[in-house]
Amino acid sequence: LIETHDGPAQEASGNLAGVYMPVISRDDNPAARLTRQAYLFAQQVWARIGGFAQLRGARCGVLQVARDPEQAAAFEQAARHWHYPEDYAQWLDAGQASARVGMRTGSGWYFPDGGW
């Protein structure tokens, strides 16, 4: 780790919480593999310590909505290729995603065990 400042995290976003979900790609690139392992490992750790309540967060599910039609197509292509277990990741079309969140939205990945 190389830090350009005198201490760590000097240029953090300022967000009070972070989103807990993996990255998915059709080619299962290094970011996808790393975040999958971190996501699954974190689930095991949080189960041992009593869950998200200990961290003042929530396992509420995360919907990653595609930012544009190209990304939506890539998400769908990855879903058709990988066939992930539904408790890990679900690709939802716009109708399914809208029903999930209770408002109109686009298609995307839903991570039922994701959270903040």
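Let's start with A89, which touches I24, Y84, W109, Y110, F111 and P112, leaving out residues up to four places away in sequence; touching, or contact, means heavy atoms within 4.5 Å. This is a predicted model, in which local features need pLDDT of at least 70, side-chain atom pairs count only at pLDDT 80 or more, and totals for chains, interfaces and linings use all residues. Residues are numbered from 1 along each chain as its sequence is written, and side-chain values use heavy atoms, with hydrogens and water left out.

**Overall layout**

- The chain has three helices and three strands, where helices (H or I, at least four residues) and strands (E, at least two) are DSSP runs numbered from the N terminus.
- Along the sequence, these elements follow the pattern α-β-α-β-α-β.
- Of the chain's 116 residues, 32% count as buried; buried means under 20% relative accessible area, with a 1.4 Å probe and protein chains only.
- Taking contacts between residues at least 6 apart in sequence, 61% join residues at least 24 apart.

**The largest nonpolar core**

- A89 is also among the residues that touch the most other members of the 15-residue largest nonpolar core, together with I24, Y84, Y88, W109 and F111.
- Such a core is a set of buried Ala, Val, Leu, Ile, Met, Phe, Trp, Tyr and Cys residues joined through side-chain atoms within 4.5 Å.
- α1 (30-49), α2 and β3 (108-111) are the elements that give two or more residues to this core.
- The largest share, four residues, comes from α2.

**The largest pocket**

- The largest pocket has a volume of about 220 Å³.
- A pocket here is an open set of points on a 1 Å grid over the protein atoms alone, where a 1.4 Å probe fits, with protein on both sides within 12 Å along at least five of seven lines; lining residues have an atom within 4 Å of a point.
- Grid points are joined across faces, edges and corners, and the volume is the space filled by probe spheres set on the points.
- The lining includes A89, Y84 and W109, along with Q90, W91 and L92.
- α2 (69-82) and β2 (90-92) each supply at least two lining residues.
- By class, the lining has six nonpolar, three polar and three charged residues.

- Q90 sits in strand β2 and counts as buried because its relative accessibility is 16%.
- The Q90 side chain reaches the backbone oxygen of E86 at 2.9 Å, a polar contact (a pair of N or O atoms within 3.5 Å, one able to donate a hydrogen and the other to accept it; residues adjacent in sequence count only if both atoms are side-chain atoms).
- Beyond four places in sequence, Q90 touches R100, G108, W109, Y110 and P112.

**Helix α3 and S98**

- At the start of α3 (residues 94-101), a side-chain oxygen of D93 comes to within 3.1 Å of the backbone nitrogen of G95.
- S98 lies in α3 and is buried, with a relative accessible area of 16%.
- A polar atom of the S98 side chain lies 2.8 Å from the backbone oxygen of A94.
- After α3 comes G102, whose phi is positive, near 80°.

**D28, before α1**

- D28 is in the segment before α1 and is buried, at 13% relative accessible area.
- Setting aside neighbours within four places in sequence, D28 is in contact with R33, R36 and W82.
- The C-alpha atoms of D28 and A78 are separated by 9.0 Å, although the two residues are 50 residues apart along the chain.

Technical notes. Ala, Val, Leu, Ile, Met, Phe, Trp, Tyr, Cys and Pro count as nonpolar, Asp, Glu, Lys and Arg as charged, and the others, Gly among them, as polar. Buried means under 20% relative accessible area, exposed over 50%, partly exposed in between (1.4 Å probe, protein chains only).
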